[in-house]
Amino acid sequence: MLPGIIDPKRESVGGTPSGKGKSRASNDAPATVEGGALPNLSQKSLFLALYAKVMSGEKRKNEDSEMVMGPQDLGTVVNKQLLPVGRFLSRWFEQRTTEDGDLIGSQGWLEYLYGMVLAKEKNEDKAMEYFIRSVHLFPMNWGCWLEMTSLITRLEDLNRVSRHLPQNIISFIFHLHTSLELYQQGPSLANSLDQLLGIFPTSAFLLTCNALLA
């Protein structure tokens, strides 16, 4: 269990309707991050637990948002789990970063999640920094690449980010995908697509890209 992030006491459900109501109210309260030692869990376990907290916060946020105009439509409804999860991850990285700025034994999962939290908090520059760290450590996480695409709104941003990316085929595909999202065309992009189709000739994704460039 994660102290301060996942509290087993919050998961208990009473045997009566009133007990259930109390349990739900307890679950809705944002978790806090204590100042003690972080739990000794694998990074994937931490990722799954913290990701579940973020998603539960998103679900609650959507439930609290009204479908019609009202006081809840002013942008005041937030994911209450972002703050505690963000604090937890900040401490996790702080405790494992050396004086030289190197992160010991990281696998990329928590960088990805922290980037998501930062992006939802509109801290986009720092979010991109952690997404880039994540794809260097685990480039096969296409979800992370898509999060990066969602933060890029101009070709200049793509060119700036591309200089810091790992040089592999996934990065190549990311550049193609993001360029198309920015409505870019041209011989260079078409040539990149032809090279990828030479490797993956039956890829539905690449064939769709080819149709968009046609």
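**View 1. Cover over the buried residues of helix α6 in the predicted model.** The buried residues of α6 are covered by elements that include α4 (109-120), α5 (124-137), α7 and α8, where contact means heavy atoms within 4.5 Å. In α6 (residues 142-151), the residues Cys144, Trp145, Met148, Thr149 and Leu151 are buried, that is, under 20% relative accessible area with a 1.4 Å probe and protein chains only. These residues lie on the same side of α6 because they cover an arc of only 160 degrees around the axis, the arc being that of the directions from the helix axis to the C-beta atoms. Helices are DSSP runs of H or I with at least four residues, and strands are runs of E with at least two, numbered from the N terminus.

**View 2. Lining of the second largest pocket.** This pocket, an open set of points on a 1 Å grid where a 1.4 Å probe fits, with protein on both sides within 12 Å along at least five of seven lines, is lined by 17 residues, of which Ser162, His175, Leu176, Ser179 and Ser192 lie nearest its centre; lining residues have an atom within 4 Å of a point. Helices α7 (155-162), α8 (169-181) and α9 (187-199) each supply at least two lining residues, and α8 gives the most, with six.

**View 3. The whole chain.** The protein chain has ten helices and zero strands, and buried residues make up 38% of its 214 residues.

**Notes.** Residues are numbered from 1 along each chain as its sequence is written. In this predicted model local features need pLDDT of at least 70, side-chain atom pairs count only at pLDDT 80 or more, and totals for chains, interfaces and linings use all residues, while side-chain values use heavy atoms, with hydrogens and water left out.

Notes
Buried means under 20% relative accessible area, exposed over 50%, partly exposed in between (1.4 Å probe, protein chains only).
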